[in-house]
2 protein chains.
Amino acid sequence: MKARAAACSLLLALAAAAQRDGAEAARQWRERNETGILAEFFEFLRLPNVLADRQDVRRNAEWLRAQLERREVRASLLEAGQAAPAVFGELASPGSTVTVVFYAHYDGQPAEAAQWTGQGPWEPTLRDRPPGQDARRLPFPAPDGRYDPEWRIWARSAADDKAPIMAMLAALDGLAARGLKPAVHLKFVFEGEEEAGSVHLGEILAAHREKLAGDFWVICDGPVHQSRVPQVVFGARGVVGFNITVYGPGRELHSGHYGNWSPNPALMLSHLIASMRDERGRVTIEGFYDAMEPLGQQERRALEALAAVETGLSRQLGIAAPYGNGASLSALVNEPVLNVRGLQSAAVGAESRNVVPAEATASFDIRMVRGDTPARMMGLVRQHLARLGYFVTSREPTPQERLAHARIARLWGGDAGYRAVRTPMDSRAARMVVQAVEAAAGAPVLRVPTSGGSVPLAIIEDALGAPTIGVPIVNHDNNQHAPDENLRLQNLWDGIEVMAALFRMREPETAAPPGARRR
Amino acid sequence: MKARAAACSLLLALAAAAQRDGAEAARQWRERNETGILAEFFEFLRLPNVLADRQDVRRNAEWLRAQLERREVRASLLEAGQAAPAVFGELASPGSTVTVVFYAHYDGQPAEAAQWTGQGPWEPTLRDRPPGQDARRLPFPAPDGRYDPEWRIWARSAADDKAPIMAMLAALDGLAARGLKPAVHLKFVFEGEEEAGSVHLGEILAAHREKLAGDFWVICDGPVHQSRVPQVVFGARGVVGFNITVYGPGRELHSGHYGNWSPNPALMLSHLIASMRDERGRVTIEGFYDAMEPLGQQERRALEALAAVETGLSRQLGIAAPYGNGASLSALVNEPVLNVRGLQSAAVGAESRNVVPAEATASFDIRMVRGDTPARMMGLVRQHLARLGYFVTSREPTPQERLAHARIARLWGGDAGYRAVRTPMDSRAARMVVQAVEAAAGAPVLRVPTSGGSVPLAIIEDALGAPTIGVPIVNHDNNQHAPDENLRLQNLWDGIEVMAALFRMREPETAAPPGARRR
């Protein structure tokens, strides 16, 4: 057994060396080509990518197909019904028996230009700092061709989620420049509807099942840990979003003449929201926490190994009293949550009018952990509304309905949502990915049982039966989903090396326990 | 005494006859000139009149001055500091010892064109119906020159408050066409900042005190009773408006990564609002109802004489369960109220993003009855916030303040506000006005102790010591302050007659009890 263990160690060391070679090749190539990489990235970021405009989204897909083909990746668009196309790419590694599918998404969250500092969301700029710190705009390309790795690229999707795609493209260039080939069969899937809840992803996967066959998926989305240590993520929360509109008078009324008498929907909505979650952030919808699966020992241990980041974050974000009774952020995301993501009724500030509003709307997202499903959670919301005496409808109430019910809630605009997924930390795929990322980082990585964010892992699991593992690369303070989204350059540089190492990933079959089944 | 009483009756009858002559002259003139009156009104309504654009407001003032001068009213603009000008007019009635000041305002509430049906707020149109009833747009001028009195003019300020101004202009034309003169000295004051809380009115009145001297003011603003019976209003509520912004993280955060941990300002605001007013509409701010002066017997009797309108209104507005425990609308407006007039945090619906919002704002107006003051009410709001543990500030919190306080409320954008006023129902001014309006209507009018709406009567009372009496003319279902504001033609026609009768108002001095002092 000793000889065997020694042989194992040698093989593992060789595998790690190959992956380090890949990362090293990518680094050297990047150091010589920073302006070129950024120029290509800026071109990508200049393409608006909100699903509401289908032509915009398709322009992104076509651009991506061209970039893949330029790198000798066989590329095509995966279409299905009304879906925005997913971009598919394939690069074989003759001799390998493993196929790894790399997932990222090229669509972005909506953005209001007026809320961005100094430039629109699709006008990428180079800045010397993150937002909120008097960042200066810098010329691009840099006159001396040198880029401080702390500089940031500000643009919608600079972080979420065009950065990993750019890192993959640059990693392919880096390997090619050194004459290195991928060590596994590579497939790429770049989705175009993630920010809208991936409503057609299942359909796309089902329609192209054979093309998409693979041993496991590497999911490249979301930020690295706040401590900036590289990490591998073994699961992601599920999500479902929806809006609730409640109704007052059939039309806005003068608040002087009618304010004492007419039901006020903004007041009604406030009471409704207050009934759903208490002032300490605990969700008070009956049954909300009842289905969550507890974490296993390995996962609890991994959580404990994560550095505490809460004090620094609180200071950075101006938060005096976080929710959660002192629990760590990483632990808290292993529970579900109901988040109020927006409020709207009539107008405030300079635009406010002295009216009883006709309606008031709140927008919510529910994050789920393993054990929960969108259907169960939406059922609990409906039950909660009904318990409060609300008549629940999916459309504008009719005049008859208004007269029949003192409280009407319209539940609408919900994306279909998906459940959470967690992949075992000791699986073969897990070991391959951890080894590659550690090779690129040159140090142990953090192992995160569940990301707080959501990626449609369940859809992949359901459609293809493939396990998924997350490898995020972007900075945590990226203003994801918000104005002034940004990417820290060092995160892009590191990401390129991580992708190159992953492309050179080796099967650790010899390290598997005797008798372990290959699958 | 009998002879004296008979003489009185004769004189009163003569006075009433003179007022009926005025109304009759106005009616006949109007019937021959409907297209012309409406054309002039449309010209007026086409002038945008939101205070935010000072040039717009001044164009309205200049237009009004020209219209008054065309009718031989000596007109000028009353300026004071930064105030939008008030338009002043004067028309002497040689031989009269009474001066009556007619007040209306020419500015309008802000309006969002996108929320209006089929046309912008400053593109007046003629429609066959009120909003919400599939109203058709009609050509103007009418091809046959005939106008159904149920038709409506849709435009911002068509009702609030350009209609009474138009009625006054047409009434002057009607009297002149018949060769009739006003029976009292007439003064006109058309304010330009009423919708912004009349913040400079006191300054304007003080700066032009002598010019504005008069026995009493007739306030032409607000709607007639829902039963459409003409009414005279002896008071108006006070009002004060303000915004409260509460704070979450220093920037919007991804709701997946931070939703369980970061304080959510939309949730915080909901709890705050819910703590201020209960689900039955009762305000729960401590001391809110403590200062209101009870109504007198005469006022309570006048209230009882008002027809019940609640059932019809409920049906029309789709309200299944009004606030107020079954009390009448007219009775309820004799109490103060806190109204939520708007909510805003991040975004809802198609624009919603999966974020923890950085802040959330609610806009409020408080309506006050006699006994309350804006300062007292705002003090109660501050106390309430402090009791809930809020740090109250008037500006954006600093990073240090954010870290020092778990709850921060910014109280801002408040208009100065003013208190309520009530004029005794048995005063000389009251009798003169009631007599004139009854002469125009040919029937008894409703006497309303207090309008639910607010007009800056306190400012007039404080600056000039003059009593005020309200004579509203517009339809109650006018969408005042809201999209699709509109005026019913018959209300404009009746209003012209009311104004003509008021211009021919006589002093009922002989009917005053012996020994009554004249003032």
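A salt bridge is counted here where a side-chain nitrogen of Lys or Arg lies within 4 Å of a carboxyl oxygen of Asp or Glu. The structure is a predicted model, in which local features need pLDDT of at least 70 and side-chain atom pairs count only at pLDDT 80 or more, while totals for chains, interfaces and linings use all residues. Residues are numbered from 1 along each chain as its sequence is written, and side-chain values use heavy atoms, with hydrogens and water left out.

Over all chains the structure holds 62 salt bridges. One of them joins B:D477 to B:R228, with the closest N and O atoms 3.8 Å apart; B:D477 lies in the loop between β20 (468–470) and β21 (486–488) of chain B, and B:R228 in the loop between β8 (216–219) and β9 (231–233), 249 residues apart. With a relative accessible area of 7%, B:D477 is buried, whereas B:R228, at 34%, is partly exposed (buried means under 20% relative accessible area, exposed over 50%, and partly exposed in between, with a 1.4 Å probe and protein chains only). In chain A, A:D477 forms a salt bridge with A:R152 at 3.0 Å between the closest N and O atoms, and both A:D477 and A:R152 are buried.

Between the chains, the contact (heavy atoms within 4.5 Å) takes 97 residues from chain A and 97 residues from chain B. Across this interface of chain A and chain B, 4 salt bridges are found, including that of A:E279 with B:R407, whose closest N and O atoms are 2.8 Å apart.

Definitions and conventions
Chains lettered and ligands numbered in written order. Helix = DSSP H or I, 4+ residues; strand = E, 2+ residues; numbered from the N terminus.
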